[in-house]
Structures are given as structure tokens and as C-alpha cells.
Amino acid sequence: MKKKNKEIVLRTIITNAPISRADIAQHSGLNKATVSSLVNELIEEEFIYESGPGESSGGRRPVMLLFNKKAGYSIGLDIGVNYILGIVTDLEGNVVYEKHKSIHNLSFDEIIHLTIETIKNLIEHTPQSRYGVIGIGIGVPGIVDKSGKVLLAPNLKWKNVDLLDIIYHEFDYPIIVENEANAGAYGEIRFGAGVNFHNVIYISAGIGIGVGIILKGELYKGMNGYSGESGHMTIVVDGEKCRCGNSGCWEAYASEHALLHQAKHILPDATLEELIKMAEENKNVKDIFQQIGSYLGIGISNLIKTFNPQQIIIGNRLAKAKHLIEQPTIKSINEHTLDFHQKDLQINFSKLSIYSAALGVSAFAIENFLSIGKG
Ligand SMILES: [Zn+2]
């Protein structure tokens, strides 16, 4: 009970700071003596600190309390198919250090090695603080079970990889492994385009396509955590072969992989960034982006009709091509959904760009750390 109350006090401060002890009591419904003693403990533990006096309606000005975002630091890692992005954030999700690595045709062992090296580098660059590294969150483009095992990541060619265990073997910190689209969705509603939205579908359009579903402000993960595998919904019967083994999947038509595949005859081994540049003067390349946008809109239309969301957020690498794909995507959505569904619907591109998933997993690690009410 005491732990629970302590967490309530801490959360009240995080959400409302700067705030006085009296206002915490009012917000939380706890009595003043309880608040006062829990506040003293939290100050002792350096989770919060006192600032100068705040505004008062008369009489003695109360001392205000603030959250100490530098009490510890979180590590967020996004393992993509062609990149690894690592960040260190403070407890409010501000990035204080980052490391980018492009990867190309690496073996499983090489990717794991690079992941471990990246984490070591991030730990080395974490500022000194009371609690140091409070946890590591890792996002992966695949189906992840509750124990942090990656059951299937077709674009990485991973099957039954106990990633949490492998990383925990190297680093003695709390570790969370999560699907990158779920992480990206959470990152966007906490820090990005989805702040103030409650029913959000986040489309992670990279080499594959993953979907993160936010319902009533919370991440919907499905019974075992496998929801949002919409990149493999069939949009063309007997269509293009997909890396999951089926054919006609959405991501075989609307992902970065589909784009690179279609551009192969124009410029073999081109990167997304090179194609974006080429599209400025090459009509064929521009057309490929338009087609990707149209197909992106088809899949999104299906999701809109299923969920009737408030907001769609298009994120991950393809969001870099916003200026090329936005119009065809919206046109395709308008053509394939009913007016009822389009009403009040916002279609936005990610605000956090390539950071959505890394920030999301970092935030999961922070949430875990701050859940002092559990246990
Ligand atoms: Zn597929």
C-alpha cells in the first residue's frame, strides 16, 4: 500500500510539476501527512527535488517540487533490417547521446555482436547519475513473445531467437524486448505526433511494414503480444512473393523493400536516400514512389475501416519520403474508405522520424523503472 501511494505521489509530480505538497494531496486524494512523508523519501532517493517558492494566493508561498529527470538514464535500441539505432535518454525521454550504424547483409552473429558493441558504447556515454543505466529497451521488427523471445522476424531471417536472454547474459540491467512497431506507436503517443490522441494506428514502414495499435491511450498487443502483423495481410490474391512465405502481402507492395526491389532496374543497390534524391529529376523513380504511396494507402484503408481511429501516423524510414508519397497515399485512402471513416480522421507523418521505436522502448524501460508501486 505504501509503495502504491509512493508511486501515486511520484506520478502526480511527474505529470503536474512544479507542484506543492498541498496540491499533490489535493490531486491524489492522499492526506497531507502521508504526502509529506512520501515526498521526503522521494527527495532522499533523488527522484524529486525542491525548487524555489511558487505562486501563492496569499500567505506563505509553498515550496514547489520537481521531477529529477537526471536521476538515471535509459537505453533504447532499434534493430532495423538495414540499420541499428541506439539512444541514451534521461527519464523524460530527452536524447542525450545517439549512435547510428548502417548494416548490410550481416549474419545473425554479426548483428548480435554489433548490438552488444552498440550497447557498450551507449553505456560508456551515459552521464553519471544516482541510478546510472536504469534499463535497456530493444525494438525488433518481428513477432516477440512476452518473455522477450523473437519468434519470427522474416526480414532479419530470425526464428526463435531468445534475444532477451542473449543480451541479459552480457548486461546485468533490466531488459525489455518489444516489437518495433508497438514501440514506435508508444514513442509517438508519448513524445511525437500522437500526443493528445487516444485511438491511433501507427504504421512503421521500413524494409517491412509493422503496425502499432493504440486503443483508448493504451498499446493493444493482442492475447500473446502478436497483434499488428498487418504487413502480412493479403492485399493481392496470388500476388508477389513475400519474405514471410505467403504471397500478396501488403509489405510486398508498399514497403522500403518493395521500393528498392522495383527500382532495381533503374539503379541496382540504390538506397532509399539515393532514390529520394533521384526522384527530383527522374520521373520513373518518382512514379515508383507514387505507386508505393498508393499501395500504402490501400493497407491503411483496411486498417481505418477496421479500427475507425482518430489518427494514422506513418513512420519509420519511408516517412523520409513524405514529400513523394503523402499525396498518393491520401488519394488512395480517400478512394478506398467511406466518408464516415474519413470524418475527423487525422493522417500524419511521424514527428520523431527514425527515433519513434528507440524512444518507445526507452520509455518502456523508464516506465518499468518508475513502477515502484509494484511488488
Ligand atoms: Zn508476408
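Modeller: What follows is a set of labels and the reasons for them, for a model that is predicted.

Colleague: What makes His-232, Cys-242, Cys-244 and Cys-249 donors of the zinc ion?

Modeller: A donor is an N, O or S atom within 2.8 Å of the metal. The ND1 atom of His-232 and the SG atoms of Cys-242, Cys-244 and Cys-249 lie 2.0 to 2.4 Å from the zinc ion, so they qualify.

Colleague: Why is the arrangement around the zinc ion called tetrahedral?

Modeller: Four donors count as tetrahedral if all angles lie between 85 and 135 degrees. Here the 4 donor atoms subtend angles of 103 to 122°, and therefore the label applies.

Colleague: Why does Cys-249 count as buried?

Modeller: Buried means under 20% relative accessible area. Cys-249 has 0%, so it is buried. Glu-256, in helix 8, has 1% and is therefore buried too.

Colleague: How do you know that the side chain of Glu-256 makes a polar contact with the side chain of Arg-317?

Modeller: The cut-off for a pair of N or O atoms is 3.5 Å, where one must be able to donate a hydrogen and the other to accept it. The contact between the side chains of Glu-256 and Arg-317 is at 3.0 Å, so it falls within that limit.

Colleague: What makes strand 4 and strand 5 a pair?

Modeller: Two strands need at least two bridges between them. Strand 4 and strand 5 have 6 bridges, in the antiparallel sense, so they pair.

Colleague: Why do strand 6 and strand 11 stand at the edges?

Modeller: In the order 6-5-4-7-11, strand 6 and strand 11 each have a single partner strand, so one side of each has no neighbour in the sheet.

Technical notes: Residues numbered from 1 in each chain as written. Predicted model: local features only at pLDDT ≥ 70, side-chain atom pairs only at ≥ 80, totals over all residues. Heavy atoms only, no water. Donors = N, O, S within 2.8 Å, 3.2 Å for Na, K, Ca; no water. Tetrahedral: all angles 85-135°; square planar, octahedral: opposite > 155°, others 65-115°. Buried < 20%, exposed > 50% of the residue type's maximum accessible area, 1.4 Å probe, protein only. Helix = DSSP H or I, 4+ residues; strand = E, 2+ residues; numbered from the N terminus.
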